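Here's a quick tour of a two-chain model, written for someone who likes the cut-offs spelled out. Have a look at the structure first, then read on.

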Amino acid sequence: MPEVGASGRPRWRRRRLDWARPLREEGQEPDPRFSFANERTFLAWIRTSLALIALGLGIDSFATDIPSWSRRSLAGLVTVLGGILAALSFGRWFRAELAMRRSSPLPLNLLAPLLAYGLALMAGLVLVIVVASQ
Amino acid sequence: MTGVSTPGDPGLQNERTTLAWSRTTLSIVGLGALAAKESDSVVLGGTLLLVVGVATLAIADQTNRRHRRRNLRLRTGESVDAFAEIAITTAIVVLLATVGLVAGVT
């Protein structure tokens, strides 16, 4: 068992700055499997964001045969979507962790609708670009 | 009970999560390399590569330690969340998106 310090917490724990105090002081410890699942969900959203950012980069670099305005707007839209998803995914993770600690229902979030409608918007933009270039 | 190495990782959740971190870190490195390659300015590309490289090494190192720390915490019943790492990862990805946007616009 880890050696316990005067505060009742293990010694090796006290040395680290506890970033997560606002989270840790709330409710009670959820089943670790749920925390892990929450974290993996966050990472999946991050990988989605990274894919979108990479797509934006690729469009900007390689789609040279379409007019500059359309290339930039498409690349910009995709990149912004990726950035927003990344930022929101942190909020989702935090609120989900909080809800698990309080044993309350997991909050709804904007991420899935944003991704879905964002992709639809992208498709629409691509359609416009293709039609306009005829 | 000392000296017995218990699995301490129900459903291999810790391992799965660490692997997810590895996948994500790899994706960040890949994106950073792509961005550095495609950037017109050598200074920007080089800086980006350096920043992403260092950040990734730090994350990879932390991932390893966190994996072990969590196995420990699973036994003591302490919290297993990774608040700091998650916040830093979010910041890095948002930064990459910003750089990508700025580089595209200019």
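## A salt bridge within chain A

In this predicted model, A:Arg101 forms a salt bridge with A:Glu29, and the closest N and O atoms sit 3.0 Å apart. The rule here asks for a side-chain nitrogen of Lys or Arg within 4 Å of a carboxyl oxygen of Asp or Glu. The pair ties together distant parts of the chain, 72 residues apart: A:Arg101 belongs to helix H4 of chain A, while A:Glu29 is in the loop between helix H2 (21-24) and helix H3 (32-62) of chain A. Helices are DSSP runs of H or I, at least four residues, numbered from the N terminus.

Over all chains, the count comes to 3 salt bridges.

## Where the chains meet

How many salt bridges does the rule find across the interface of chain B and chain A? It finds 0. On the chain B side, helix H1 (13-38), helix H2 (42-76) and helix H3 (83-105) each supply at least two residues. H3(B) gives the most, with 15 residues.

Chain B and chain A bury about 3,800 Å² between them, and 71% of that is on carbon and sulfur atoms. Buried area means the accessible area (1.4 Å probe) that two parts lose on being put together, summed over both.

## Aromatic pairs

The structure holds 6 aromatic pairs over all chains. One of them is A:Phe90 with B:Phe83, edge-to-face at 5.9 Å centre to centre and 75° between the planes. This pair crosses between chains, from helix H4 of chain A to helix H3 of chain B. Rings of Phe, Tyr and Trp (its six-membered ring) pair if their centres lie within 6.5 Å; planes under 30 degrees apart count as stacked, over 60 as edge-to-face and the rest as tilted.

## Confidence and conventions

Chain A averages a pLDDT (the predictor's confidence in each residue, from 0 to 100) of 85. For chain B the mean is 78. The complex gets an ipTM of 0.80 and a pTM of 0.82 from the predictor.

Residues are numbered from 1 along each chain as its sequence is written, and chains are lettered from A in the order in which they are written. Local features need pLDDT of at least 70, side-chain atom pairs count only at pLDDT 80 or more, and totals for chains, interfaces and linings use all residues, while side-chain values use heavy atoms, with hydrogens and water left out.
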